[in-house]
Every structure is written in C-alpha cells, then in structure tokens.
Amino acid sequence: MNAHSPAKSPREADLDAIREGVRAVVSRFDDEYWLARDEDGKFPFEFHRAMAEGGWLGITMPEEFGGAGLGVTEAAVMMHEVASHGGGMSATSAVHINLFGPHPIVVKGTPEQKARWVPRLIAGQDQVCFGFTEPDAGLDTTRIKTFARKVDGGYRVNGQKVWTSTAQVANKIMLLTRTTRYEDCAKPTDGISIFYTDLDRTHIDVRRIPKMGRKAVDSNAIFIDDLFIPEEDRIGEEGKGFATILHSLNPERVLIAAEAIGIGQDALRRATKYARERVVFGRPIGQNQGIQHPLAERWMYLESAWLMAMRAAELYDAGRPCGAEANAAKFLGARAGHDAAWQAIATHGGFGYAKEYHVERLYREVAVTRLAPITEQLIMSFIGEKVLDLPKSY
C-alpha cells in the first residue's frame, strides 16, 4: 500500500472481498467461451452452475434459507464484476434474475413458500422466468390483460407475455396477472396478482425472439392457454400485487446501471490496450489526442455513473427514498456503458467491426440497457415531475 493511502474501511474491505470472490469464478470463462455462446445461443449452464456453487446466487436472499442476506450495494458490486470480464449481458442476465426478480417471495411470501422456493433458487436447482410485460401494455403495467380466473383450489390463467427472459430453460415462472379486470377496479393499480408456479409447457407455448444481443439468454413471447395455478402458488394478497413489484424496481435499476458500467469499462480497457499497442505512422495511436481524449472522456462518465449507482444503492440499503438516484444511475450507467463500447469500436477502426476483438459484441450486449427495464424518456419524465416539480407530462 502507498504510504500516503488511507487504510481501507471494513466496509471497503468487504466489498473488495466480494469482487475477488466473484472474479475468481468469472475469470474462468474467457472471451472464447462467451463468443461461442454469442454464436450458438446456448444458455451458459456451466457459468450459472459455477456461480451457484460459489454461493453467489443467494447474495441478497435471507440467511435462514441459505443466502447471504446482503444488500443492493453488495449485489451491485457483484454484478459489476460479473459484467467486467467479457460476458456482457449474457453473463449478467444468467444470474441477475436471481437477485431481485424473486423479491416478491421474500417480501410477501409465507414462511412455507419461502422454505419451498428460496433454497432451490439459491442452489441453482430452479431457474425462473418472469412473465410481466405484455405486447399491448409495455411499461403501463396496469393495462395488462392476462387474466387469472378463480376456480376451486386455484386459478385458470389465459393470456400472453413478451420479452420473457430464460423461458427456454426455466422450470418456474413468476407471473403477473389481473384477477379483477381493469374496468372493474376502483384504482388502476388494483386487481393485479403475482404467482410463482411451475412453467407447464403443456399450457404455455414459448416462442423465442431473435434479437441483437444477449443471444445466450433467450427472450420469448409466451402464450398461456388454460394454465391451472394452485392457490398456494399465489404470492401475497389477491389483487395487491402491483404494490409488491414496486419493491424490486429501484434495486433492478441500480443493478442494470452497474452491469452497463462494467461492460463499458471492459470495452474501455480493451480500447486503451489496443491504442497503446497499435502503431501507425511510426507511433502508437494512443499518443494522438484524437484517440486519447475521447477515451479519457468515456472514463470520466463511467466513473461518475458508478458514483451515482453506489449512492442509490446506499440509500436503498439505509431504507431511504432513492427513486431519483436509482433512475438517474440507470440512465447515466447505460449511456456511459453504451458510449464507451462504441468508442472502443471506433478506437479499433476496421478491426472494431471484427468479432476477433470482441468490442462489437460488447456494444451489442450493452445496447439493451438503454431500453430496459425502463426507457430513458420515462426516466427523464420521472425526474422532471418528481425532482424538478414540473407538471406530469404523460
């Protein structure tokens, strides 16, 4: 340690230990592994298993069920490390949904439900997909039409979802439905229920969506035809599911930010290495300010976005309001990651377009973070209304 550097706090040491532990797992899966998954589209089962065996799938889960019981800050550090070693969103999405996707179980599940479901998620024995988004509803969740009709012993569900990740390999589904139709509710947010149940492929047709990036973690349209869900698979009170899903929105934004920043920093490292080594006109191209300055600017934006992500995580973990910070982190992180990945391509010139150097893949991987789980436009509308006290624009 530098004689002038202050000693690390116990908190910083703990976060460093998380980084080192995650890095020990992630670094076993090299660029060629992720390039192969980008080409063949196979789910990274080996990576998922290694993360489960390392205990990382349970980092935010309650200790009584085998988890670590840690917070969003630790989860963000973990996912940032996962994103920083060439796997992009294919690596992060393979484990991301284990962190706060099942949060409704932890928040509203009964002791029996938690004991039945959580240990299997932590061990990697169950893989869950999330049926929330619908083609005609998008981000207006109150307008979903998938309907669960009450019958003896449970519900009969019909409807469709889109952008359901990992449904090709999942054996469980967390499903958001209406149990009271929109027009029959006093408030738009009423009448929505959450279920966690078996993905019964005899009643759920799963159709893969070919897409730009993250090929190894499938996205799907699913069509639900007369699916029976036992009553014991409903999470929380019937019709009160909308409030439950709000618990996981801010953590998810923070994690997406951390992942986008990690991918951007990975791309930036590759670009600066290339700029040091690539010699044109008798000098390394990194000696030219036209190359050097854009890379320096990308570093500053990435570091700034990381500070906002950590600020949002700390507020959440302290039980304080963090909506503005979490949304800002997602916006800034995604922008900074995207711009760094593009600058990496530009730094490589023609070779940036080649798969051999991996930066074009990182660019395709990080692009989704600007689109999901919430658009940049809605974030700016949220900040305008909730922070700047401007009239609601939508």
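Student: Hi! Which residues does F47 touch, leaving out those up to four places away in sequence?
Tutor: Hello! This is a predicted model, so keep that in mind throughout. Leaving out residues up to four places away in sequence, F47 touches V26, F29, Y33, W34, V82, A91, A94 and V95.

Student: Nice. And which members of the largest nonpolar core touch the most other members?
Tutor: F47 is on that list, together with V22, M51, W56, M78, V82 and L99. The core has 60 residues, and helix α9, residues 249-277, supplies the largest share with 12 of them.

Student: What about a second core, which residues does it include?
Tutor: There is a separate one of 20 residues, and among its members are L121, A137, I192 and Y196.

Student: Let's switch to α5. Which of its residues are buried?
Tutor: G88, M89, S90, A91, T92, S93, A94, V95 and H96 are. That makes nine of the nine residues, so α5 is largely enclosed by the rest of the structure.

Student: What do those buried residues pack against?
Tutor: They pack against α2, α3 (45-53), α4, α9 and α12 (359-366).

Student: I'm curious about the histidine there. Why does H96 count as buried?
Tutor: Because its relative accessibility is 9%, and buried means under 20%. H96 sits in α5, which spans residues 88-96.

Student: Which side chain is joined to H96 by a polar contact?
Tutor: That of E259, with a contact of 2.6 Å between the two side chains. Not counting residues up to four places away in sequence, H96 touches M79, E252, L255, I256 and E259.

Student: OK, over to α2. Which residues are buried there?
Tutor: Y33, W34, L35, R37 and D38 are the buried ones. The buried residues of α2 pack against α3, α5 and α12.

Student: An arginine in that list! Why is R37 counted as buried?
Tutor: Its relative accessibility is 13%, so R37 counts as buried. R37 belongs to helix α2, residues 31-40. With residues up to four places away in sequence set aside, R37 touches K42, P44, K215 and A216.

Student: And the ends of α2, which residue caps the N-terminal one?
Tutor: D30 does, with a side-chain oxygen 3.2 Å from the backbone nitrogen of E32. Just after the helix, G41 takes a positive phi of about 70 degrees.

Student: Now pockets. What volume does the second largest pocket have?
Tutor: About 190 Å³. Its lining is R11, E12, L15, D16, R19, T73, V77, W306, M310 and E314. The elements giving two or more residues to that lining are α1 (10-26), α4 (72-83) and α10 (289-317).

Student: Which of them gives the most?
Tutor: α1 does, with five residues.

Student: And how many lining residues are nonpolar, polar or charged?
Tutor: The lining has four nonpolar, one polar and five charged residues.

Student: Last one: A344. Is it buried or exposed?
Tutor: A344 counts as buried, because its relative accessibility is 0%. A344 is part of helix α11, residues 323-348.

Student: What does A344 touch, leaving out residues up to four places away in sequence?
Tutor: A344 touches A267, A271 and V359 on that count. As for I291, its C-alpha atom is separated from that of A344 by 10 Å, with the two residues 53 apart along the chain.

Terms used. Residues numbered from 1 in each chain as written. Predicted model: local features only at pLDDT ≥ 70, side-chain atom pairs only at ≥ 80, totals over all residues. Heavy atoms only, no water. 1 Å grid on protein atoms, 1.4 Å probe; cavity = no way out; pocket = protein on both sides within 12 Å on 5 of 7 lines; lining within 4 Å. Points joined across faces, edges and corners; volume = space filled by probe spheres on them. Helix = DSSP H or I, 4+ residues; strand = E, 2+ residues; numbered from the N terminus. Nonpolar A, V, L, I, M, F, W, Y, C, P; charged D, E, K, R; others polar. Core = buried A, V, L, I, M, F, W, Y, C linked by side-chain atoms within 4.5 Å. Buried < 20%, exposed > 50% of the residue type's maximum accessible area, 1.4 Å probe, protein only. Contact = heavy atoms within 4.5 Å. Polar contact = N/O pair within 3.5 Å; in protein donor to acceptor, adjacent residues only side chain to side chain.
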